[in-house]
Amino acid sequence: MVRESEPGTLRLDLWEIETEPDVVYVYEVYTDEAAFESHIKNGPVQRFGEIMNDLVEGWTMVIPFGHSTMSNLDE
C-alpha cells in the first residue's frame, strides 16, 4: 500500500467518469516536492509508466507538481 511504502503520500485517488469511457483521472497529494520526487523514482511507479507507454498511446500527466493554495486537510 502507498501509505506504508511512501510516507510522504497524503492522497492517491483514481476515478472514471461515465461520459469519458477512455479516460482515467488520477489525483495525488504529497507532503512536499521531495515526497513527490521520491514517488516518481519508486520502482513500481517507474514500471507503471513503462506499462502505460506500451498500453496507452499518448497518455500524459496533465498537471505537473504544483503547490497547494488551499486545502481542508488537517495538518
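Biologist: Why is R11 called partly exposed?

Modeller: R11 has a relative accessible area of 45%. Buried means under 20%, exposed over 50%, and partly exposed in between, with a 1.4 Å probe and protein chains only, so R11 is partly exposed. This is a predicted model, in which local features need pLDDT of at least 70, side-chain atom pairs count only at pLDDT 80 or more, and totals for chains, interfaces and linings use all residues. Residues are numbered from 1 along each chain as its sequence is written, and side-chain values use heavy atoms, with hydrogens and water left out.

Biologist: What makes D13 and R11 a salt bridge?

Modeller: Their side chains meet at 2.4 Å, N to O. A salt bridge needs a side-chain nitrogen of Lys or Arg within 4 Å of a carboxyl oxygen of Asp or Glu, so the pair qualifies. D13, at 23%, is partly exposed.

Biologist: How many salt bridges does a search of the whole structure find?

Modeller: Two. E50 and R47 also form one, at 3.1 Å, N to O.

Biologist: Why are E50 and R47 separated by about one helical turn?

Modeller: Because they are three residues apart in helix α3, residues 43–55. Helices here are DSSP runs (H or I, at least four residues), numbered from the N terminus.

Biologist: Is E6 buried or exposed, and how do you know?

Modeller: E6 has 7% relative accessibility, so E6 counts as buried.

Biologist: What joins the side chains of E6 and H39?

Modeller: A polar contact of 2.7 Å. The term requires a pair of N or O atoms within 3.5 Å; within protein, one must be able to donate a hydrogen and the other to accept it, and residues adjacent in sequence count only if both atoms are side-chain atoms.

Technical notes
Helix = DSSP H or I, 4+ residues; strand = E, 2+ residues; numbered from the N terminus.
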